[in-house]
Amino acid sequence: MTLTLHAAVYGWKIGGHQTLSSSLPLEQLPKVLNPFTDRPGGTQGIAWQPYFAGCSYSGGYALTYTHPDVHAARSGTVQTRVLLIAETQWDQVGTLEALFALLESERAFAALSAGCHLVFPLPLKPSPSPFGGQVVTQWRGNTVPVLVSGTEHLRSIMSGLWQRLPKLMRSHLGFQTLFHPDDLNASTAAVVFVPSGQVPLWSRLEPKVPSILAEPTNALERYTSGASLPEVHAILHSLERWDGSGWRVLGRLADAVFQLEQGADLRAGSDVLHLLHTSLSLDAKYMHTLRHQAVKLVCTQIAQAPVSALWPLASLALEAQEQIKVGMALEARLTQILFSQSAPA
Amino acid sequence: MGLSDAGKTVYGAQLWGLIQDGTHALKSRSSPDKLYTLQHALERLEEGKAPEHTALGTFDEIHLPLFDEAGQAHEVVWPDYGGEQLRQILEDRVVPSRWLKPLEDAERWLILLRLGQAHTPVSALDNPAEVPAPADAKDPEVLVLPTEAQWIELLQILWWVREGFPQRPARLPALALVLSCYDELAVQDTPRNTLASTCPLLPEFLENTWHPNAIEVFGLSAQGGPLERVPEADAYRQTFLESGTRHRGYLVAPNGVIHSDLTEPLRWLLERA
């Protein structure tokens, strides 16, 4: 796969920290990047380490890597390498792992000296993170950033989230590595990584720093970590594309489906149907026709198929790129489960 | 206030060191909070190293409780921030919300201007051969505003935030303009004349806007010489350490007299009503 990315390097020159080189004209570099192009504010006198950050900007998503600039004339200065992923290319970037590696490589960034953008083949196969699901679970339950103690899982967590979250949610997926709790006030990141050595400084926030070491425990965690059943994954993935802004609904839906898988009671199934009808809004003009067609088709097949075959039916509809029908198929499947659960034994 | 690399942290650290020593007119009333930045900078100076660049995202206030010679209590707020933030205000024409309250509350302003790094345009009248050709004008370095125009623009933005456009100059805060890293300039003249020779527009603007009693220009070399970046830094570092890190800095008073009391601009401001 060939992917074209733009890149920039920020660092010190007379006048302060500013752009040193860029494959884009300076005026096209997103200004929201500026706060990410220096050390974090609270690091004077604190041992800090090179760190990654990520943020969305109008039209794309940026990944940054900041490291001390030992060659700079002034003490305490850094260089920040930036990769810009245009929104039109998000679908091609299945994982961020390769981009993290690229950011760390000085040689790869040598291309910048020629003032050209980078074109390179990348191994962009997704690599599921066992912990990303737990971040998502906390994220959807909080309005404050999710704090993750330690940076050792940063790449896998952010790659996992990038891979699994709906496209629109990626634009909310800002993350930072922070060294001092005071910096949290100025941070707009959804996920904050605290290097292990700095965790004692964060003692007053310690209860909110999750220990991300456990295996996924619920449907959303399983899904985000790549551990869910392929059929469940296919359906939820289709729903992401169907209504990417409804990711919180997606989470609730995933939970409800998981409960149904576990043989939960009728109430869980009712919740799912309610969500399908109210939150995952279908375009009204398609609703009437397609609903009848899809329900008729799926119900016909459901009526003749064993329950274990229902998931593949939904996946089949996905492959046909008829996402609304996927939703209908899911609805039909859930309806069938409800009927089977409400029927006498 | 000062743009990046103007010497805010060095001056703040040296000032605090002198105040702690109790050998000058201003003395400490109690230990201030959030002193870490100045303390860290002082420690670096005592090792013969220049203080580290303040990170771009930093924004904090160090409150210095002081007594003056008459025993009157004062509280000086020393903002700690990356100077790039001021440049950002200039470029974006947007003042971040965290700047609003300090700007509204401040009764006096102290501005650090490093003339040695001032960007001055090439004069088409004096040096027509050095004026960039139109093709070079795409270079962002060529398009940057002259330093004096930057400060005039910035001051007008900050006024506007404070109280609207300066229709009543008497309400403007007293202003001490400190020409930092004065040792770089190798001049013998008064600070005001030195400023006028490099950035003539700026003193014209200030004198026509501020009340004459509410503005003064000082020269300052908080370290007395360079501790990094230039070949002579290594030699100077030895002198700096041997003579005591607080004894090499000097101040050039408005009348051109050189002395070692770096607190003078602060005292001058505290005396303004």
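The following questions and answers concern a predicted model.

User: How many disulfides does the structure hold over all chains, and how far is the sulfur of Cys199(B) from the closest cysteine sulfur?

Analyst: A disulfide requires two cysteine sulfur atoms within 2.5 Å. The closest cysteine sulfur to that of Cys199(B) belongs to Cys181(B), and the pair is too far apart for a bond. Over all chains the structure holds zero disulfides, and the sulfur separation for Cys199(B) is 14 Å.

User: Is Cys199(B) buried or exposed?

Analyst: A residue counts as buried under 20% relative accessible area. The relative accessible area of Cys199(B) is 1%, so this residue is buried.

User: Which strands pair with E4(A), and in what orientation?

Analyst: Strand E3 (residues 51-57) of chain A is joined to E4(A) by seven bridges.

User: Which residue takes a positive phi in the hairpin of E3(A) and E4(A)?

Analyst: Tyr57(A) has its bridge partner in E4(A), namely Gly60(A). The hairpin has two residues between the strands. The residue with a positive phi, near 100°, is Gly59(A).

User: Which parts of chain B does the salt bridge of Arg114(B) with Asp5(B) tie together, and how many residues apart in sequence are they?

Analyst: The closest N and O atoms of Arg114(B) and Asp5(B) are 3.3 Å apart. Arg114(B) lies in the loop between strand E4 (108-113) and helix H5 (140-143) of chain B, whereas Asp5(B) lies in the segment before helix H1 (8-21) of chain B, so the pair ties together parts that are 109 residues apart in sequence.

User: Are Arg114(B) and Asp5(B) buried or exposed? What of Glu107(B) and Arg108(B)?

Analyst: Arg114(B) and Asp5(B) are both buried. Glu107(B) and Arg108(B) form a salt bridge whose closest N and O atoms are 3.5 Å apart. At 58% relative accessibility Glu107(B) is exposed, while Arg108(B), at 27%, is partly exposed.

User: Which residues do salt bridges that share partners join into one network?

Analyst: A search of the whole structure finds 21 salt bridges over all chains. Among those that share partners, one network joins Arg74(A), Asp5(B), Arg114(B), Glu184(B), Glu228(B) and Arg229(B).

User: Which residue forms a salt bridge with Arg267(B), and which helix of chain B has seven of its eight residues buried?

Analyst: Arg267(B) is one of the buried residues of H10(B). Helix H10 (residues 264-271) of chain B is largely enclosed by the rest of the structure, because seven of its eight residues are buried. The salt-bridge partner of Arg267(B), with closest N and O atoms 2.8 Å apart, is likewise buried. The helix is H10(B), and the partner is Asp261(B).

User: Which backbone oxygen does the side chain of Ser243(B) reach?

Analyst: Ser243(B) lies in helix H9 (residues 233-243) of chain B. At 31% relative accessibility, Ser243(B) is partly exposed. At 2.8 Å, its side chain reaches the backbone oxygen of Thr239(B).

Conventions: Residues numbered from 1 in each chain as written. Chains lettered and ligands numbered in written order. Predicted model: local features only at pLDDT ≥ 70, side-chain atom pairs only at ≥ 80, totals over all residues. Heavy atoms only, no water. Buried < 20%, exposed > 50% of the residue type's maximum accessible area, 1.4 Å probe, protein only. Pairing = 2+ DSSP bridges. Helix = DSSP H or I, 4+ residues; strand = E, 2+ residues; numbered from the N terminus. Salt bridge = Lys/Arg side-chain N within 4 Å of Asp/Glu carboxyl O. Polar contact = N/O pair within 3.5 Å; in protein donor to acceptor, adjacent residues only side chain to side chain.
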